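Me: I would like to learn how to read a structure like this one. Please show it and take me through it a feature at a time.

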Amino acid sequence: MVVPIGDYVALAAVIFFIGVFGVIVRRNPLIMLMSIELMLNAGNLLLVAFARLWLQNAGQIFAFIVITVAAAEAAIGLAIIVTTFRPERFVDVDDVRSLHG
Amino acid sequence: MIVLATILLPLVAGALLFALPRQDRVLSRAIGVVVATITLVTVIAAGTTSEWSFRWLSRPFDAAFHFGATPTSFWIALLLTVATACAIAASREARLRDFVAQLLLLEGAMLGLFLARDLLLFALFWDLMLLPVFFVLIGWGEHPATAWRYFIYNFAGGLTLLLATAAFGVIYGSTDVIGRAAGPLVGAWAPWIYAGFAFAFLVKTPVWPLHTWMPPTYSGLPAPMVAVVSAVQSKAGLYGFLVIALTLLPHEVHAYALALMVLGAVSLIYGAVIALTQNDAKRIVAYSSLSHLGLIAIAVGSGNPIALRGALVYIVAHGLFSAALFLVLGYVEEREATRLLARLGGLGWKNPKLAGALCIAALAALGLPGLAGFAGELLILIGVYQAGYVWPVIVALIAIVVASAYFLRLYQDAMNGPEVPDVPVRGDLTWPEALAVAPLLAALVVVGVYPAPLLHP
Amino acid sequence: MTLPFTSADWWAVAPVSIVAIAALVVLLADILFARREQRYASIVIALAGLAAAGFVAARQFGHDYNAFFGGFLTGGFATVFQEIILIAAAGSVILYAALGPASRIAGSIAIMLWSACGAMLMSGAANLIMIFLGLELLSLGLYALCATDDRKASRESALKYLILSSMATAFLLFGSALLFGATGSVELADLANPAHVANPLFWTGAGMFLIGLVFKLSLVPFHTWTPDVFEGAPLPVTAFMSVATKAATIAVLARFIYAALPVSVGQRLLLPVWIVAGVSMIVGNVGMLAQRDLKRLLGYSGIAQVGYILVALAGGTPLGLRYALYYLTAYAFMNLGAFAVAAAISPHGEEGADLRNYQGLAERRPWLAAAMTLILLALAGLPPTAGFLGKILILASGVSAGFVWLAALLIVGTAISLYAYAKVVRAMYAPAETGLPEPRPFVPLAWVSAAICCAVIVLMTFYPLIPSNVLPLAH
Amino acid sequence: MSHSLGVTGTYPLVLTLWLLPLLGAIICWAFGPQLRTMSGWLASALVGISFVLAVASWSDATQGAGGTLGAHQPLASWLPGFDFGLLLDPLSLIWTFIITGVGFLIVFYSIGYMDGDRAFARFFAYMSFFVFAMLTLVLSDNFIGLLVGWGLVGLASYFLIGFWFERQSAVAAARKAFVINVVGDVGMMFAIFLIVANVHSINFGAVFAAAPALSAGVLFAICVTLFIGAAAKSAQIPLHTWLPDAMEGPTPVSALIHAATMVTAGVYLVARCAPLWDHSHGAQLLVGGIGAATALVGAILGTAQWDIKRILAYSTMSQIGYMIMGVGVGAYEGGIAHFFAHAFFKAQLFLGAGLIIHALADEQDIRAMGGLRRRMPFAFWVMLTAVLSICGVPGFSGFFSKDAVIYGALQHGHPWVYATDIVTAGITAYYMFRLLFVAFLGEYRGEAAQAHAAAEPAHRPHAPAWIMNAPVAVLIAPSVAIGAVLMFGGENSPWQRFFAPLFGATSSRAIALPPVSEGVTTLLVFITVIIGFAIAWQRYATRSAQADAVARLRRESERMPALLTNLLYFDWLIERLFVRPAQQLGALFGRVLDPHVFDGAVRDLVYWARWLGTLVRSFQTGLVRAYALILVAGAACFIVYYAVAAGVR
């Protein structure tokens with residue numbers, strides 16, 4: 001059976017929203033980073049789905065590139081988080097608010 | 001080409017003056033006077049014939065670095081150069097080098113403004129001429145808030161001017177239009193563009209109720225600077241009305257003439273009665289300036305040829321006597337360490353020269369027949385009456401009576417009455433000081449007796 | 001089949017590759033040289049690379065090159081943006097030298113060059129993949145650069161930038177995906193096909209795509225990261241970020257507006273952008289009031305300045321784009337000049353970023369004060385600076401395009417900004433306070449670059465460098 | 001080509017006599033310290049020369065007839081229709097005689113009077129300047145030139161009233177005089193606007209030629225506004241209040257400016273503009289009425305004064321009332337004649353008073369005088385002749401001129417004016433003789449002042465007496481005899497014939513056949529004068545009155561009705577109606593409106609900008625999650641818009 005494209009869009013949207021939600025509500029930077037990955041993957045899902053729909057491999061290429069980039073981003077992100085929270089024992093983004101106003 | 005030199009000379013000289021050693025007061029003043037005098041000569045040499053033009057923009061509208069005096073701006077430029085020379089000669093401020101430099105920069109910027117034949121160039125110099133005053137208010141002013149008032153009001157005006165100029169250029173296709181027989185701008189946007197210009201001009205003049213920056217500025221600035229500012233910078237707006245608005249937006253000027261005249265009339269009487277009750281001598285002159293320039297606004301509103309010619313005479317006259325008044329009051333303050341009428345008095349006995357100078361200036365200001373102020377007032381009012389407006393004439397006449405009262409008060413409270421013991425009386429005017437105001441006073445008499453050259457542009 | 005890659009493709013990406021290679025050389029040189037020479041070695045190499053890239057890019061100008069199957073177009077307006085980005089990079093690299101001694105110079109410079117590569121890719125990107133790639137290359141570099149300082153603030157700015165920017169990128173990606181879904185193509189040129197103006201996927205996709213761009217332009221309400229990141233990041237990084245990111249993103253936005261939108265729906269589709277631009281002109285300028293940190297101040301000012309530039313683009317005419325480029329060029333020099341002055345008065349760390357240290361600067365360093373004044377005048381749009389002429393051009397194109405309300409907002413915003421900038425000027429010309437750190441005697445690099453910036457700002461007023469030809473926008 | 005009453009062409013003579021006093025003024029002003037006493041001699045010499053020149057130009061000034069009469073000297077032109085020139089015709093000639101002639105005597109007298117003053121030279125600079133200004137006024141051939149002179153004499157009078165400017169009272173008086181005169185100038189300016197708007201020329205000739213064509217309303221308006229100027233300058237009610245205060249100036253100033261010449265400028269103006277008044281009956285009625293009223297009011301106020309100079313000031317006001325009335329109703333020759341005679345006897349009165357004041361060390365209160373007839377007989381005879389003349393005792397100059405005026409009122413059909421004048425004549429006699437009796441008869445009452453003066457002889461170093469006595473002596477002759485010489489013989493007296501070419505024959509203008517003859521008029525006037533004299537005699541000159549003069553005078557001054565002590569409340573009204581309101585308005589604008597309303601509005605704008613800034617910054621909490629939330633919220637708005645916009649077609 002063929003899953004209609006609408007379902008893919010809906011699913012992607014849901015994943016994307018979960019990601020957004022995660023970033024907003026969670027205070028642990030690691031989990032926030034994961035939520036962002038989730039958002040990106042929602043995009044990937046769409047790309048692949050549409051690539052299939054249009055029989056256009058540009059979508060897949062796009063998706064591969066996104067995955068690579070996301071990996072790099074994760075790497076840099078972790079590095080930053082580590083440097084930021086090296087002094088503290090618990091990691092909580094709400095503790096970093098020296099810059100404001 | 002000469003006209004370009006005229007503008008660049010003070011600007012360059014002013015910039016170079018900063019390279020002089022700081023302490024060198026006499027030398028910097030001497031340089032300033034010389035430069036200003038040379039500029040005066042070049043202005044005369046350039047006359048209304050010398051022009052210089054260089055393409056600036058071709059899109060979105062034509063604009064050029066186009067300089068050249070119009071019959072009107074020639075006289076104002078002359079006034080400017082004379083006033084600046086006298087002001088520099090009269091400068092005794094602290095950090096004199098920087099002060100003289102600022103005066104020269106101001107002169108250059110204003111020459112650019114009045115000699116600009118391109119609207120965009122006009123707008124550029126409009127903003128430029130505000131900067132030296134702002135810097136002097138910061139560095140030499142009495143109260144920081146004054147600088148902000150001046151800055152906020154005038155640059156707000158400058159911005160509306162900018163927007164109006166841009167819109168004008170887009171609609172008209174070119175801003176290289178000042179002083180040439182270019183047709184008027186027509187269309188739905190014309191009133192808005194006029195509003196943009198008018199706001200800037202009214203703030204600068206100033207006209208009630210946009211005037212509240214002016215009294216603190218005029219009383220806070222050092223005398224030589226305020227002499228130039230009140231003498232010439234305050235004329236930028238009126239020049240704009242006379243040369244730009246009346247030629248490029250005549251229909252709008254005519255359509256809203258009544259509003260202009262009402263504002264002018266209110267300024268006339270409002271400034272006059274306030275001047276009647278002020279205690280600070282410089283503020284009295286400041287409010288009198290509000291009152292006097294309202295008269296020119298009325299002249300513009302009436303649009304009558306005699307009134308407009310009279311307006312030019314009065315522009316020059318007001319420039320001369322307000323410059324003289326502020327310079328002399330500067331001398332008084334320098335000697336008595338105060339400018340409050342309540343604390344001054346009886347200077348006339350020991351300082352006859354000082355008293356004489358203040359007397360002539362004040363008499364010219366209150367429109368004594370035979371001096372420059374009178375010729376301007378009379379012609380303006382004749383024209384306004386001819387144009388069929390009676391009420392502004394009556395308001396103006398009342399203001400003239402009040403003016404006689406407050407200028408006499410200014411003169412008598414400072415110079416007459418028993419000598420006040422507690423103020424330190426220094427000597428009478430020295431010759432250099434006297435020579436710094438003499439040209440202005442002489443010009444007042446000459447223009448008052450024979451204004452014909454200004455009347456036949 | 002033959003290999004589609006031709007020498008023309010290599011030539012097209014030559015500037016980008018030169019910069020990338022220069023970055024590698026910097027790292028290698030870092031190994032070779034001794035501690036003391038390292039800084040200057042990496043600086044010289046970087047500047048040489050940037051200069052070479054700039055030269056090549058200049059040679060390309062006026063011709064029509066493309067690479068990656070038309071995914072990367074250059075020779076037209078892309079070249080102008082690349083030049084601006086290269087200038088920004090060069091200026092920021094110089095700042096590294098101008099500032100006091102700091103470790104990890106080579107690494108930072110290399111990363112900055114790679115970010116520049118990303119920005120240059122964006123300015124030429126003609127399809128969604130290339131845009132995403134360039135954007136991420138730029139951003140990833142910047143995340144790292146923000147953290148290169150030892151201050152806590154620096155790390156914090158990195159974290160904030162990371163989280164928020166990646167989020168925005170995710171929006172952009174999701175939007176690109178939807179656009180792809182709506183049109184079946186990743187080429188911007190194909191989006192313009194009026195066939196799918198009715199497609200809600202297309203609209204939503206465009207919307208989310210624009211969110212990503214508007215975030216990078218830090219327009220309200222996507223501006224919240226800007227002040228914090230600008231303040232926290234090291235001074236050279238802020239300088240680079242403030243120019244390169246804006247330039248690259250405006251390039252993408254311009255291409256999107258001019259090449260990728262069906263004419264019929266163009267204005268309706270962009271209305272939110274103009275609105276946020278208008279709001280930003282006000283918010284950015286009021287935000288500047290009562291700021292105590294130069295970088296933060298310039299962050300807010302940047303929010304407003306981008307708003308001005310968008311007014312020029314609002315016309316949707318090539319002319320407007322050229323005015324935007326003119327203003328962007330001027331803006332680049334204004335910012336770099338300001339940061340150069342800041343560097344010139346920073347003895348140890350970044351004292352130049354603290355506005356309290358500008359009290360009475362005119363007494364102690366009259367020329368630096370004069371330069372800063374001129375730059376602030378330019379930012380405020382006062383003569384005799386390119387800021388003035390740029391404002392006029394922007395106003396003209398905005399008015400001629402019928403966006404009078406934007407022009408009016410611009411005027412109001414400028415009025416407010418005047419007050420904010422003038423307060424800095426007044427501080428510099430007010431009598432000095434005691435106990436302020438004595439600015440450094442003479443910092444050749446900083447003084448020179450500040451002088452150059454001022455000279456350019458003034459000269460551009462009288463000889464407007466408005467790029468003549470900015471096409472082609474799309475393949 | 002410039003229109004004028006005079007024949008066109010140049011006439012350097014008038015130019016010279018006009019400019020000589022200016023030259024004197026400039027020299028005395030610039031080189032006063034060097035010249036010292038010489039400045040006085042120089043100034044009087046130059047004024048004297050102008051007088052000689054004026055006499056020399058007699059024939060040229062009176063030549064010609066009708067439209068082109070007198071000599072003319074064009075000066076300059078501002079604009080078409082704004083041509084300036086000098087005109088010397090019979091009218092201006094008469095004034096020039098008085099200005100330069102009497103002026104010369106008074107300036108000469110001043111050399112003695114001002115001797116030793118710390119600003120001796122400045123005084124003569126001002127005096128010469130006044131003569132120049134007054135000549136400008138009477139010699140101009142156009143309204144603007146007239147106005148210039150009008151303003152300049154006001155300035156000169158301002159300087160001289162406030163000459164001793166360490167005295168606050170003098171300063172205040174000077175300011176009051178100037179401001180009230182500016183009110184007059186402003187009135188004349190308005191007249192000029194009307195004239196230019198209707199005639200497009202400022203030139204007398206052109207304007208008068210066009211007068212008949214003007215509508216009655218315009219003509220009346222022109223006359224009224226012109227007369228505002230005349231009233232201010234000539235101290236006609238209600239603009240007279242400055243004149244008594246003006247007595248703060250040195251006595252020669254009062255003699256020259258505030259008696260002989262300047263204050264009669266109004267008379268000159270009306271006479272000069274005769275063609276306008278001839279065509280506006282309303283204006284004649286108004287001016288005649290105000291003139292008569294002024295005459296009466298001045299006389300009444302004169303009866304209540306004790307300061308010798310203020311008495312003379314009010315008498316001046318009253319006499320000018322006569323003149324204004326005369327020229328107003330159309331009896332031009334009469335009005336001018338009275339001006340002519342008045343110039344002599346009033347100058348004589350003031351200079352006589354000057355002799356007394358000078359001798360009594362600045363004592364001006366007649367209550368502190370008395371018995372001066374024996375102490376200063378010369379002064380007594382001077383005053384006596386002048387008083388007889390001013391009262392119009394038959395045979396004296398005042399008799400002829402005053403009768404001409406009074407009868408003229410009747411001739412031109414103003415019986416009420418006529419009646420008022422006759423009453424006034426009586427009152428005049430009363431207060432003038434009152435002055436004479438109180439000051440000169442009885443015993444001397446001013447020992448204190450006398451002692452004070454004697455105590456310090458250096459207090460006022462006396463000049464050689466002849467410098468002051470000679471001019472006064474010279475004046476006696478004309479003030480006694482000039483009337484008999486010139487004005488005797490009604491229609492064909494030399495006076496009438498002199499002015500005939502200018503105004504035409506009197507009879508031709510007389511509109512009503514007088515019910516009573518001139519002889520009856522003379523009789524009536526004489527009777528009232530006798531009555532006035534009798535009352536004065538009864539109150540001040542009788543033995544009983546002399547006995548306890550001090551007590552009587554004190555009682556009188558205590559019982560003086562408030563109406564008189566407050567000078568009929570003119571000053572009070574002006575203060576309440578104009579001065580105070582203007583000051584209160586200024587205070588309101590300057591202290592409330594300006595700082596709090598107009599400036600406040602702008603300050604509020606700045607405040608709101610700052611407030612907006614704090615609002616914006618309050619969103620910068622520094623919490624990354626908050627930022628993310630804001631971002632998402634914005635994104636939501638975007639997406640909603642696009643979702644909706646996608647639907648909209």
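**Reading the chains**

Reply: Buried residues make up 56% of the 649 residues in chain D. A residue is buried if 20 or more other C-beta atoms lie within 10 Å of its own, exposed if 12 or fewer, and partly exposed in between, with C-beta atoms placed from the backbone. This is a predicted model, in which local features need pLDDT of at least 70 and side-chain atom pairs count only at pLDDT 80 or more, while totals for chains, interfaces and linings use all residues. Residues are numbered from 1 along each chain as its sequence is written, and chains are lettered from A and ligands numbered from 1 in the order in which they are written.

Me: What is the mean pLDDT of chain D?

Reply: pLDDT is the predictor's confidence in each residue, from 0 to 100. The mean for chain D is 86, and 93% of its residues reach 70 or more. Over residues 455-464 of chain D the pLDDT is below 50, and this stretch has 10 contacts in the model beyond near neighbours in sequence. Two residues are in contact if their C-beta atoms, placed from the backbone, lie within 7 Å. Where pLDDT is low, the predicted coordinates should not be read in detail. For the complex, the predictor gives an ipTM of 0.89 and a pTM of 0.92.

Me: How many helices and strands does chain C have?

Reply: Helices (H or I, at least four residues) and strands (E, at least two) are DSSP runs, numbered from the N terminus. Chain C has 18 helices and two strands. Its radius of gyration, 21 Å, is close to the 23 Å that the globule rule gives for 475 residues, so chain C is as compact as a globular protein of that length. The radius is taken over C-alpha atoms, and the rule is 2.2 Å times the number of residues to the power 0.38. Of the residues of chain C, 70% count as buried.

Me: Why does the span of helix H16 of chain C agree with its number of residues?

Reply: The expected span of a helix is 1.5 Å times one less than its number of residues. The 15 residues of H16(C), residues 386-400, should therefore span 21 Å, and the end C-alpha atoms are 21 Å apart. In H16(C), 15 of 15 residues are buried. Gly402(C), which follows the helix, has a positive phi near 90°.

Me: How do strands S1 and S2 of chain B pair?

Reply: Two strands pair if DSSP finds at least two bridges between them. S1(B) (residues 51-57) and S2(B) (residues 63-68) are antiparallel, with six bridges. Ser53(B) has His66(B) in S2(B) as its bridge partner.

Me: Which chains share the most contacts?

Reply: Of the five pairs of chains in contact, chains B and D share the most. Their contact takes 40 residues from chain D and 36 residues from chain B. H7(D) gives the most to the side of chain D that touches chain B, with 14 residues. That side has 29 nonpolar, seven polar and four charged residues. Here Ala, Val, Leu, Ile, Met, Phe, Trp, Tyr, Cys and Pro count as nonpolar, Asp, Glu, Lys and Arg as charged, and the others, Gly among them, as polar.

Me: Where do the closest C-alpha atoms of chain A and chain B lie?

Reply: They lie 25 Å apart, and no contact joins chain A and chain B.
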